[in-house]
Amino acid sequence: MAADSSLELFRATEVELPFVMATERLEGYEELVGRWDEARHRAALSDGRHAYFIARIADQPVGFAIVRDWASPEKMTLIKRVAVCDPNRGHGRALLGALVEAVFNGTDAYRLWLGVFPENVRGRRAYEAAGFGAEGVARGSAYFGGRHRDELIMSILRSEWAAG
Ligand SMILES: CC(C)(COP(=O)(O)OP(=O)(O)OC[C@H]1O[C@@H](n2cnc3c(N)ncnc32)[C@H](O)[C@@H]1OP(=O)(O)O)[C@@H](O)C(=O)NCCC(=O)NCCS
């Protein structure tokens, strides 16, 4: 499905934490994304290192993204977590497209990257649609649910975004 051009992305505050926490806890997401308790989210929101974004369509929140190393001196930024509440409708592609714009327009980041569990084909497709390319598998790079899991590393560089 085509990305929804009516999607808006805005910086979240603690007001949006209930939506973020409910979305990361949706049934079926437990094997795909991490979940933090409220204290951990509040700490991240105020640590100067993380930036939270909410995507909305027609004034309704449809998804969120947590970015780490926002405007970092190393000029590398990580998409720590992303989830939408109604998958497979193009919202993820649109959210990620808007997030790429926000990172490269809003900071001087050179590299935007993420790790996705290799079996998460839906996530991979959405990232590819937003311009991310696969780099390789980082073995055991996520300690998740008491297990060491591999992650596929994907990235987009500023030069690729600018050429896109
Ligand atoms: C990952 C996520 C954000 C993507 O958002 P989304 O709105 O579902 O994605 P989109 O609808 O924009 O795009 C999904 C793509 O995957 C494809 N897809 C979906 N299920 C698939 C499957 N089982 N096999 C192959 N492709 C699949 C869709 O066809 C679409 O690709 P296309 O546009 O090229 O046809 C969302 O699915 C989500 O929140 N998932 C749970 C949390 C998660 O996995 N987060 C990412 C962790 S790194």
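I began with polar contacts, meaning pairs of N or O atoms within 3.5 Å. A ligand oxygen lies 2.8 Å from an N or O atom in the side chain of arginine 122. I also found ligand oxygen to polar backbone atom distances of 2.9 Å at glycine 90 and 3.3 Å at arginine 89. The protein covers 78% of the 950 Å² of accessible area that the ligand has on its own (Shrake-Rupley method, 1.4 Å probe).

A note on the source: this is a predicted model, where local features need pLDDT of at least 70, side-chain atom pairs count only at pLDDT 80 or more, and totals for chains, interfaces and linings use all residues. Residues are numbered from 1 along each chain as its sequence is written, and side-chain values use heavy atoms, with hydrogens and water left out.

Next I looked up the shell. There are 22 residues around the ligand, and Gly92, Arg93, Asn120, Arg122 and Arg125 come nearest (near means a heavy atom within 4 Å). By class, I noted eleven nonpolar, seven polar and four charged residues in this shell. Which element gives the most to the shell? That is α4, with six residues (helices are DSSP runs of H or I, at least four residues; strands are runs of E, at least two).

Then I turned to the pocket. The ligand takes up the space of the largest pocket (a pocket is an open set of points on a 1 Å grid, with protein on both sides within 12 Å along at least five of seven lines; lining residues have an atom within 4 Å of a point). About 1000 Å³ of space lies in there. The lining has 42 residues, with Val33, Val82, Val116, Asn120 and Tyr127 closest to the centre. For the lining, β4 supplies the largest share, seven residues.

Technical notes:
A polar contact is a pair of N or O atoms within 3.5 Å; within protein, one must be able to donate a hydrogen and the other to accept it, and residues adjacent in sequence count only if both atoms are side-chain atoms. On a 1 Å grid over the protein atoms alone, a cavity is a set of points where a 1.4 Å probe fits but cannot get out, and a pocket is an open set with protein on both sides within 12 Å along at least five of seven lines; lining residues have an atom within 4 Å of a point. A molecule sits in a cavity or pocket if more than half of its atoms lie within 2 Å of its grid points. Ala, Val, Leu, Ile, Met, Phe, Trp, Tyr, Cys and Pro count as nonpolar, Asp, Glu, Lys and Arg as charged, and the others, Gly among them, as polar. Grid points are joined across faces, edges and corners, and a volume is the space filled by probe spheres set on the points.
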